[in-house]
Amino acid sequence: MRYKTLIASTLLLAAGCGGSAFAAGNPQDRVGVQHNMYLDCLRSNRVPIEDMLDYLVGQCGYKPEMSMEQFRRTFEWTYDLDPTLPLAKHMDPYRTQFSEREYRFFQRIDEVNAKAGSLENAAALYERLEQEAVSTLDPRSKGAANVLASLSVGRHSLAYWTKVEGESRAAGNGLVTTARWGWGKVLAVVGADIAGAAITTGMGLAPAAGAVAAGASNAVSQAM
């Protein structure tokens, strides 16, 4: 019950903020906020992959716009999302929804995840990408809205996993595994998070993007 109340309060706060309150003025920043809240609910309670969709609804406070059975069927692909597949490849089936400029952002995210060299550098590169997207894309475009939501998830996810990695290195308590991952595997998880949000939005189910991305993150991080 604590998580349902906390998540509801956080999402109301995010919804009430103007775009300028978000990093880089991203109008889709609520998707990244939702991602981190739902992910923390799943991870704090060590929810197994096979239970995570039910837990998102039953305990984390997510309210799907469909029946629970349909929610499971629609998003069961998150159980085994491939973190080694480039984001641009994940988005191939939805290619026609994007302009060349919009789709190029997915390819550039792949480049950051492959070549960043450190989490700090990745954070700086993500910030630049997001600022560019906000300043050059038309947020009224469905493709642009997807890109902006994806970049918000990327920024929030990277901040989340960077914090987890730091805490795990300091504590050495075995509760998390990121201290043994290195920057490449952390960014593979972040890429899977982004894919979860982008695919969900491409399916025409944008309101579920934050929660589904959290489920993808939970699944991939456990499988690493």
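This is a predicted model: local features need pLDDT of at least 70, side-chain atom pairs count only at pLDDT 80 or more; totals for chains, interfaces and linings use all residues.
View 1. Residues are numbered from 1 along each chain as its sequence is written, and side-chain values use heavy atoms, leaving out hydrogens and water.

**View 2. Helix 9 from end to end.** Helix 9 covers residues 183-202 and reaches 28 Å from its first C-alpha to its last, close to the 28 Å expected (1.5 Å times one less than its number of residues). Just after helix 9 comes Gly-204, with a positive phi of about 85°.

**View 3. Leu-137 in its loop.** Look for Leu-137 between helix 7 (119-136) and helix 8 (142-171). Leu-137 counts as buried because its relative accessibility is 8%. Beyond its neighbours within four places in sequence, Leu-137 is in contact with Arg-101, Glu-102, Phe-105, Glu-132, Ala-144 and Val-147 (heavy atoms within 4.5 Å). Of these, Val-147 is 10 residues from Leu-137 in sequence and 9.0 Å away in space, C-alpha to C-alpha.

**View 4. The chain around these close-ups.** The chain has 10 helices and 0 strands (DSSP runs numbered from the N terminus: H or I of at least four residues for helices, E of at least two for strands). Of its 224 residues, 49% count as buried.

Technical notes. Buried means under 20% relative accessible area, exposed over 50%, partly exposed in between (1.4 Å probe, protein chains only).
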